[in-house]
Amino acid sequence: VDEKFEAMRVAYVAEMCKQGKFHVAKQYALNEEEIAKCDEHEEAQQEASRLEWFDFYLSECKFDKAGELACTTEEFARVGAEESSFNEKCRLEWLSHHTAKGDYESALGLVVSSEEQDELKSTMETYRVEHLKYYMEIKDYAKAKSTACTKEELAAIDEVAPPKTHWFGLF
């Protein structure tokens with residue numbers, strides 16, 4: 001009977017550890033070795049849980065929370081690298097968004113290299129020229145003049161724009 005009871009007790013302790021009920025398992029542990037084994041299982045489960053939450057917070061871009069769970073140099077470095085990568089991705093998306101909208105000032109605030117600045121200037125100049133051509137096509141010479149930047153462009157507009165007439169209140 002004692003062997004059968006002991007086998008059931010040992011199995012019960014193991015099952016409680018497996019279920020994460022470590023306090024119950026420790027109540028049925030009879031020696032330091034069994035208690036140490038319960039502690040090992042508990043620590044392993046806590047570490048697995050910590051790593052799972054760490055990865056979850058990184059995947060959700062909650063870098064502060066992930067940083068709170070980081071324990072090793074590698075984990076701290078991973079948080080920093082993933083946050084930097086995320087911030088760069090966001091910066092590029094906003095740069096693209098502002099550029100597409102023609103918001104030169106906002107886009108310029110996101111530029112970090114001379115190559116990006118040159119590309120932005122080129123894109124904005126292309127947009128400006130397209131708008132100038134469009135205003136000329138629809139004969140909106142006032143908007144064309146407000147879009148023109150060079151003396152040549154202004155002269156080309158003056159050449160095709162109808163002269164201004166002043167009625168001086170005759171009608």
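In which loop is Lys 139 found? In this predicted model, Lys 139 lies in the loop between helix 7 and helix 8 (141-147).

Cys 61 belongs to the loop between helix 3 (32-59) and helix 4 (63-69). Its relative accessible area is 32%, and Cys 61 is therefore classed as partly exposed, the category that lies between the limits of 20% and 50%.

The secondary structure of the protein chain consists of 9 helices and 0 strands. Along the sequence, the elements follow the pattern α-α-α-α-α-α-α-α-α.

Packing between helices was examined for helix 7 (residues 114-137) and helix 9 (residues 151-160), which meet at an angle of about 10° with their axes 12 Å apart. Helix 7 is therefore roughly parallel to helix 9, because angles under 35 degrees fall into that class. On the side of helix 7, the contact is made by Arg 128, Leu 132 and Met 136. Helix 9 contributes Glu 153, Ala 156, Ile 157 and Val 160 to this contact. By residue class, the contact of helix 7 with helix 9 comprises 5 nonpolar and 2 charged residues, with no polar ones.

The overall dimensions of the protein chain were also considered. The radius of gyration of the protein chain is 36 Å, whereas a compact globule of 171 residues would have a value near 16 Å. Taken along the principal axes, the box filled by the C-alpha atoms of the protein chain is roughly 120 × 40 × 25 Å.

Burial and contact order were computed for the protein chain as a whole. Of its 171 residues, 22% count as buried, a class defined by a relative accessible area under 20%. Among contacts between residues at least 6 apart in sequence, 19% join residues at least 24 apart. The accessible surface of the protein chain amounts to about 12,900 Å². Carbon and sulfur atoms account for 56% of this surface.

Notes. Residues are numbered from 1 along each chain as its sequence is written. This is a predicted model: local features need pLDDT of at least 70, side-chain atom pairs count only at pLDDT 80 or more; totals for chains, interfaces and linings use all residues. Side-chain values use heavy atoms; hydrogens and water are left out. Axes are lines fitted to C-alpha atoms, for helices over the stretch in contact, and angles run from 0 to 180 degrees between N-to-C directions. Helices (H or I, at least four residues) and strands (E, at least two) are DSSP runs, numbered from the N terminus. Angles under 35 degrees count as roughly parallel, over 145 as roughly antiparallel, 65 to 115 as roughly perpendicular and the rest as oblique. Contact means heavy atoms within 4.5 Å. Ala, Val, Leu, Ile, Met, Phe, Trp, Tyr, Cys and Pro count as nonpolar, Asp, Glu, Lys and Arg as charged, and the others, Gly among them, as polar. Buried means under 20% relative accessible area, exposed over 50%, partly exposed in between (1.4 Å probe, protein chains only). The radius of gyration is taken over C-alpha atoms; the globule rule is 2.2 Å times the number of residues to the power 0.38. Accessible areas come from the Shrake-Rupley method with a 1.4 Å probe; for residues, only the protein chains shown count as cover.
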